[in-house]
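Could you walk me through this structure, one region at a time? I am new to it and would like to know what to look at.

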Amino acid sequence: MTVTLLATPLLRAAETMASCITDTLTEPPPAHPAGVDYGPCSTRWYGQSLSKGAAGMAILHGVRAQTGHGGWEPVRAWLRRASEETLNNGTGAGLWFGAPAVTHALTTAMPHARPAALDALDHAVAELTERRLAAAEARLAVAARPSLSEFDLVRGLTGLGAHLLRRFPDSDVLRRVLAYLVRLTEPVDADDEAGRLAPGWWSADPPDDENPERGGHANVGMAHGITGPLALLALAMRQDIRVPGQTEAIGRICSWLDRWQQASPAGPWWPEKITVAEMHAGQPAVNGPARPSWCYGTPGIARAQQLAGLALGEPGRWQAAEDALARCLADPVQLSRIIDPALCHGWAGLAATLWYAAADARDTSLPAAVPHLMRLLVQHATNPTSASSGLISGPAGIALTLHTFTTGTDIHWSTSLLIN
């Protein structure tokens, strides 16, 4: 699929919107004074964050500069802001925050640059990955359940592996991450409420922080769940990067997703999470699809399964995934649940996922849906709901998605979402 499928006026409108958004985000805001609120609901800037900080902003400006749509000074300014505080390389660090996020931003935004700090940043990411692998090994040795942050895309080894797949695809540490993900799919002989029925990625974390339930849960989404590891294993295989058991691991995840796939008049869908009670009942408590977001909804899950089908050479699986996404996009009830234009939960994430899925599609149904989604994104892009301007949660991701549509280029920013 190419952008030639899109009408010139629509491309022009998308680029105008991308430029207008970018033009409001060229300079970092003033530094926050000492004592400013750092809590989760704060509107302050988190410099080293992809989600709502300067690291994500640097990616937007870097991609546009590489395609001749902007200069390099905003890139440098946002990278300076991203690295002005001591970079987190501890518990909270991952692809979306801390030293890995800044390294990912720098190497995506300025891929040919060799700043003096780059070797130190690469070393920090490798050292963090080694520590996370050692902790996972220790957890497996005592047959304990993982936390989501051990393996997810946002904070865990899947996100670190996504960065390594782009940055150091031939590295031993990447292969060790893939080998860990293979082990993650194997059952854990834990003596708990979940028992042997639970898959290896069944998390000890409660399914709902506000109303916790004993026994943990299985998370299905791309951001925090098992479809993130599925996408990484499949993307690595498509680059002919393989470890023992990788094919079987992909198959185990896909079989589990098949088990929990639900039918509806609007097409197949998957629950966001499976609790102990739902696992023992054999069915989810919810009775229909939720918001069609990249992070938890049908679009992200379908894209991961499409990638798996392509990696395994299983046309039936990738066709079924494409059909699920196409039917989701054709359902006005599901689309009406999107109230946010940004990447994580909103129109930009849905549109970006469709864009890459359509590029790999076997037939014309997904490419044919691209213009409609692009119009919806342009329409909703003027009403950002986030107070910050990062890549994942703010207008920067909207602008970058529109820019990708109009130029037909990726420049690997989609590593941040594991959709390509």
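W256 and W260 are both buried, where buried means under 20% relative accessible area, exposed over 50% and partly exposed in between, with a 1.4 Å probe and protein chains only. The model you see is predicted, so local features need pLDDT of at least 70 and side-chain atom pairs count only at pLDDT 80 or more, while totals for chains, interfaces and linings use all residues. Residues are numbered from 1 along each chain as its sequence is written, and side-chain values use heavy atoms, with hydrogens and water left out.

Let us stay with these two residues. W256 and W260 are four residues apart in helix α10, which means that about one helical turn separates them. Helices here are DSSP runs of H or I with at least four residues, strands are runs of E with at least two, and both are numbered from the N terminus. The structure holds four aromatic pairs. Rings of Phe, Tyr and Trp (its six-membered ring) pair if their centres lie within 6.5 Å; planes under 30 degrees apart count as stacked, over 60 as edge-to-face and the rest as tilted. In one of the pairs, the ring centres of W201 and W256 are 5.3 Å apart and the planes stand at 90°, so this pair is edge-to-face. It links distant parts of the chain: W201 sits in the loop between α8 (172-184) and β1 (217-219), W256 in helix α10, 55 residues apart. W201 and W256 are both buried. W256 also forms a tilted pair with W260, at 6.4 Å centre to centre and with 50° between the planes. Together, W201, W256 and W260 make one aromatic cluster.

Now look at the neighbour of α10. Two packed helices are described by the angle between their axes and the distance between the axes. Helix α9 (residues 227-238) packs with helix α10 (residues 246-260) at an angle of about 140°, and their axes are 10 Å apart. These axes are lines fitted to C-alpha atoms, for helices over the stretch in contact, and angles run from 0 to 180 degrees between N-to-C directions. On the α9 side, T227, L230, L233, A234, A236 and M237 meet Q246, T247, A249, I250, I253, C254 and L257 of α10, contact being heavy atoms within 4.5 Å.

The loop between α9 and α10 holds D240. Its phi is near 60°, a positive value in a residue other than glycine. D240 is exposed, with a relative accessible area of 56%. L418 is not a glycine either, yet has a positive phi of about 60°. You will find L418 in the segment after α17, and at 2% relative accessibility it counts as buried.

Two further helices are worth a visit. In α2 (residues 54-66), twelve of the 13 residues are buried, so this helix is largely enclosed by the rest of the structure. Those buried residues pack against α1 (8-23), α3 (73-82), α4 (99-109) and α17 (395-407). Just after α2, G68 takes a positive phi of about 80°. Helix α7 (residues 157-167) is mostly covered too, with ten of its eleven residues buried. Among the buried residues of α7 are L157, H163 and R166. Their cover includes α4, α5 (118-141), α6 (148-151), α8 and α9.

Methods. Expected span 1.5 Å × (residues − 1).
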